[in-house]
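Look at the structure first, then read the points by topic.

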Number of protein chains: 2
Amino acid sequence: MPVNLNPPVLALPVKGVSLGFACANIKRENRKDLLVMELCAGTKVAGVFTTNRFCAAPVIVAKEHLAQADGIRALVINTGNANAGTGEQGLQDARATCDALAGLLGCQSNQILPYSTGVIMEPLPVAKIAAGLPAAVANMVADNWLNAAEAIMTTDIVAKAISKQVMVDGVNITITGIAKGSGMIHPNMATMLGYIATDAAIAQPLLQQMVTTAANRSFNCITVDGDTSTNDALMLIATGKSALPEVNVAGAAYNTLLDAVSEVAIFLAQAIVRDGEGATKFITIAMEGGRDEVECKKIGYAIAHSPLVKTAFFASDPNLGRILAAIGYAGVDDLDVSALQLYLDDVLVAEKGGRAASYQEEDGQRVMQQSDITIRVVLGRGAVNATLWTCDFSYDYVKINASYRS
Amino acid sequence: MPVNLNPPVLALPVKGVSLGFACANIKRENRKDLLVMELCAGTKVAGVFTTNRFCAAPVIVAKEHLAQADGIRALVINTGNANAGTGEQGLQDARATCDALAGLLGCQSNQILPYSTGVIMEPLPVAKIAAGLPAAVANMVADNWLNAAEAIMTTDIVAKAISKQVMVDGVNITITGIAKGSGMIHPNMATMLGYIATDAAIAQPLLQQMVTTAANRSFNCITVDGDTSTNDALMLIATGKSALPEVNVAGAAYNTLLDAVSEVAIFLAQAIVRDGEGATKFITIAMEGGRDEVECKKIGYAIAHSPLVKTAFFASDPNLGRILAAIGYAGVDDLDVSALQLYLDDVLVAEKGGRAASYQEEDGQRVMQQSDITIRVVLGRGAVNATLWTCDFSYDYVKINASYRS
């Protein structure tokens with residue numbers, strides 16, 4: 001079950017965005033698996049995408065359309081099939097999906113951005129998607145974000161949605177975001193799928209800068225299993241429907257919006273980890289006193305990806321030497337292990353190259369029983385900090401992934 | 001259970017090597033957990049060790065002694081405690097172990113190489129080891145390799161030992177090797193613990209070159225869980241007790257011996273994977289047509305470390321798009337995915353960026369049922385090949401590592 005994560009109860013409409021869904025029977029029957037998000041004229045859209053070389057066909061097409069179109073008018077998202085590892089046919093299928101929706105909405109095909117998530121290397125069932133689109137378009141309304149969050153789930157147990165309101169120059173701005181993801185989570189520029197919309201108006205280059213920065217603060221700091229997906233995408237949508245004039249310089253208004261967008265992105269990214277496949281623990285890995293962010297993240301990810309560390313946390317077993325081993329093989333060649341300190345929450349576990357004299361097994365045991373735990377590594381080499389979030393590794397992770405297609 | 005790996009039935013004595021063991025109750029009662037390997041005067045020893053920055057105290061001391069001693073006369077190996085992450089006290093404990101054995105054997109302390117394997121960050125019980133050494137010394141005989149292989153086991157289910165004889169210049173040379181390891185296996189210069197002895201005489205610099213080359217062909221090509229241990233060591237011992245004159249040039253005799261030693265090392269390395277924690281499948285990952293070894297290994301290890309790939313193999317589920325995803329995120333930035341081919345044994349699975357037209361699910365299903373499977377990735381970029389070996393990821397891996405200390 002998700003770690004300290006409840007289903008969302010409120011997600012505020014964002015003026016200029018309408019959402020509709022359908023059960024298109026793409027992988028299973030009678031399950032919301034198709035989402036259409038229509039955007040008002042003048043909306044600006046920016047995004048970051050997976051760096052996987054086998055990136056999915058819809059990722060390629062979405063990037064093309066973002067570059068070509070004079071105004072994006074809709075997003076279409078299906079679950080149950082990733083349309084990745086599908087070659088030339090996959091590209092045709094992604095374009096056919098856009099064509100079908102463009103016909104219904106009365107816009108150009110390249111004004112539509114397609115997204116897919118699900119099984120890799122199976123042909124996209126375009127006919128099913130095309131057959132499902134009219135129903136999705138028919139039920140489009142502004143107050144549909146919770147249904148939208150459900151419609152993009154795959155192995156997620158809980159839908160992920162959040163809203164935030166922030167005052168900018170006396171105008172109340174709304175930001176609403178949804179995301180999906182549970183396995184194949186080690187985003188590298190973005191996450192599985194995340195969509196954040198605001199009614200603020202933000203100029204295109206600033207919008208791109210904002211989504212990149214927010215992704216670096218959030219989705220690029222999480223991992224479930226170290227597998228970077230073929231379909232990752234995080235999109236930031238600015239409809240401009242609030243009374244706030246367009247933000248076109250990186251000043252105070254930009255920073256307020258950036259922080260609010262980042263807060264939404266961090267909530268969604270952490271929600272993905274809390275709902276990580278088989279997760280029973282939410283683990284914050286805080287690196288302090290590094291020389292640069294690269295070495296902080298190297299060490300943090302070595303800990304976060306170690307199956308031995310993750311299974312020890314699943315067992316609530318303070319077998320914390322495994323964390324030292326992971327720090328040691330992280331690839332920081334000149335690391336002086338005698339200078340660093342390892343804490344579990346407030347408990348000093350190791351220093352001077354070994355177990356701290358003050359460390360008591362029962363203190364480690366106490367913290368390991370918690371469902372939210374912080375591993376803090378104080379490197380003592382510099383002034384840079386970095387924080388990652390991950391989860392443990394349980395029987396259920398194996399169970400979920402050994403039976404995913406069946 | 002180990003994948004197509006039977007317990008060893010024969011391990012030939014190597015002239016000049018005597019082995020003795022004891023049950024020293026280091027972690028559990030009444031279990032062989034202490035090994036002494038005495039070497040005749042004139043024996044040459046070379047080795048490769050872990051690159052983990054938190055390398056264990058015995059690794060540090062063994063390297064010191066190898067550099068200082070005028071002749072190594074014995075190795076002492078304990079299981080049940082890694083003496084890693086133990087700081088200054090750990091170094092004193094490793095030296096105390098050597099002192100105790102030196103007193104019994106009548107040699108200098110720095111003529112002894114210590115090794116430990118087991119739990120990290122717990123103090124080494126030196127008193128128990130010192131108390132066990134007299135019994136180990138008392139039962140030293142030449143024909144004791146199978147007991148020795150058992151004495152170094154931790155979570156191993158099956159002992160790992162092999163012998164090979166090879167004719168060099170008309171002299172029959174014996175090579176016998178043992179190894180242990182099952183989890184925390186992603187050697188980086190060596191494996192958990194491996195010892196290979198020969199009665200050939202080999203000059204010191206050539207011996208070092210030989211063990212490094214053999215490690216690169218064997219232990220440096222395996223992974224179980226991607227965790228590089230704090231205690232890895234592979235040692236090559238040449239007693240010079242055969243009639244063959246010392247090998248001191250890298251000519252035909254050297255190459256014959258290198259190939260034979262490599263064969264022994266590859267058997268032992270593969271045995272570690274076949275006995276990998278929870279393993280049900282042995283997977284060979286053959287990379288072909290790469291530009292260099294670095295990119296071949298990057299892609300090979302991305303596949304080998306992917307929990308999603310490993311759980312699909314556990315389930316015998318040909319969910320092979322996960323292999324494409326791993327290839328895609330391996331970090332080869334200019335990889336043209338439309339130029340590569342993916343085979344499962346003899347079945348062409350993917351080409352031109354997607355599923356091969358000839359691929360049938362039942363063919364993939366048939367191969368996935370096997371216990372030995374080859375993943376072949378033909379990159380089509382160059383002339384370099386590389387092969388790795390790994391295993392799948394099962395419930396039992398989680399079970400073993402969630403309960404390792406209890």
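Two residues are in contact if their C-beta atoms, placed from the backbone, lie within 7 Å. Keep in mind that this is a predicted model. By that cut-off, 58 residues of chain A are in contact with 58 residues of chain B.

**The side of chain A that touches chain B**
- Several elements of chain A each supply at least two residues to this side: α2 (87-105), α8 (307-314), α9 (321-328), β13 (354-355) and α11 (395-402).
- The largest share comes from α9(A), with seven residues.
- By class, this side of chain A has 27 nonpolar, 23 polar and eight charged residues.

**How the two copies are related**
- Two copies of a chain are related by a rotation about an axis and a shift along it.
- Here, a rotation of 180° with 0.0 Å of shift along its axis superposes chain A on chain B, with an RMSD of 0.0 Å.
- That is the relation of a two-fold axis.
- A:Y395 has the C-alpha nearest the axis in chain A, 2.8 Å from it.
- The copies meet through the same surface, because 100% of the interface residues of chain A are also interface residues in chain B.

**Domains within chain A**
- The domain assignment of chain A gives domain 1 (17-274) and domain 2 (282-402).
- The C-alpha centres of these two domains of chain A lie 33 Å apart.
- Their contact takes 10 residues from domain 1 of chain A and 11 residues from domain 2 of chain A.
- On the domain 1 side of that contact in chain A, four residues are nonpolar, five are polar and one is charged.

Definitions and conventions
Residues numbered from 1 in each chain as written. Chains lettered and ligands numbered in written order. Predicted model: local features only at pLDDT ≥ 70, side-chain atom pairs only at ≥ 80, totals over all residues. Helix = DSSP H or I, 4+ residues; strand = E, 2+ residues; numbered from the N terminus. Nonpolar A, V, L, I, M, F, W, Y, C, P; charged D, E, K, R; others polar. Domains from an automatic or database assignment. Least-squares fit on C-alpha atoms with pLDDT ≥ 70 in both.
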